[in-house]
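Visitor: I would like to learn how to read a model of this kind. Please take me through it feature by feature.

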Amino acid sequence: MVALVLWCILFFLSWPLAILALVAYPFVWLLTLPFRIVGIAVHGVFGLLTAIFMLPVRLLRGPSAI
């Protein structure tokens with residue numbers, strides 16, 4: 001909702017720049033997509049490593065902690 005309001009303000013101030021932003025947005029989204037996928041993968045790997053390192057602690061705490 002905030003993005004829409006900001007775009008409307010930009011459209012009111014400079015409509016050619018607002019139209020350019022509207023046309024360029026899908027291309028920018030496509031360019032950043034690989035970085036998002038890598039970020040999700042790295043987040044998953046760190047989650048897996050955390051689970052592996054914390055497993056002995058969880059086992060020593062007993063069944064009440066699970």
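Visitor: What radius of gyration does the chain have, and what would a compact globule of 66 residues have?

Guide: The radius of gyration is taken over C-alpha atoms, and the globule rule is 2.2 Å times the number of residues to the power 0.38. In this predicted model, the chain has 23 Å, while a compact globule of 66 residues would have a value near 11 Å. Along the principal axes, the C-alpha atoms fill a box of roughly 65 × 25 × 10 Å.

Visitor: What should I know about the numbering and the confidence limits?

Guide: Residues are numbered from 1 along each chain as its sequence is written. As the model is predicted, local features need pLDDT of at least 70 and side-chain atom pairs count only at pLDDT 80 or more, whereas totals for chains, interfaces and linings use all residues; side-chain values use heavy atoms, with hydrogens and water left out.

Visitor: How many helices and strands are there in the chain?

Guide: Helices (H or I, at least four residues) and strands (E, at least two) are DSSP runs, numbered from the N terminus. The chain has two helices and zero strands. Helix α1 covers residues 2-13, and helix α2 covers residues 15-61. For a sense of scale, I19 and R61 are 42 residues apart in sequence and 59 Å apart in space, C-alpha to C-alpha.

Visitor: What share of the residues is buried?

Guide: Buried means under 20% relative accessible area, exposed over 50%, and partly exposed in between (1.4 Å probe, protein chains only). Buried residues make up 3% of the 66 residues. I19, in helix α2, counts as partly exposed because its relative accessibility is 36%.

Visitor: Which residues make the nonpolar surface patch?

Guide: Accessible areas come from the Shrake-Rupley method with a 1.4 Å probe, and for residues only the protein chains shown count as cover. Here V38, V42, V45, F46, L48, L49, I52, F53, M54 and V57 make a patch of about 950 Å². F46 lies in helix α2 and counts as exposed because its relative accessibility is 53%.

Visitor: How many aromatic pairs are found in the whole structure?

Guide: Rings of Phe, Tyr and Trp (its six-membered ring) pair if their centres lie within 6.5 Å; planes under 30 degrees apart count as stacked, over 60 as edge-to-face and the rest as tilted. The search finds one pair. W7 and F11 are stacked, at 5.3 Å centre to centre with 25° between the planes. Both lie in helix α1, four residues apart, about one turn of the helix.

Key
Patches are made of residues with over 30% relative accessible area and no salt bridge: like charges are joined within 9 Å, nonpolar side chains (Val, Leu, Ile, Met, Phe, Trp, Tyr) within 5 Å. A salt bridge is a side-chain nitrogen of Lys or Arg within 4 Å of a carboxyl oxygen of Asp or Glu.
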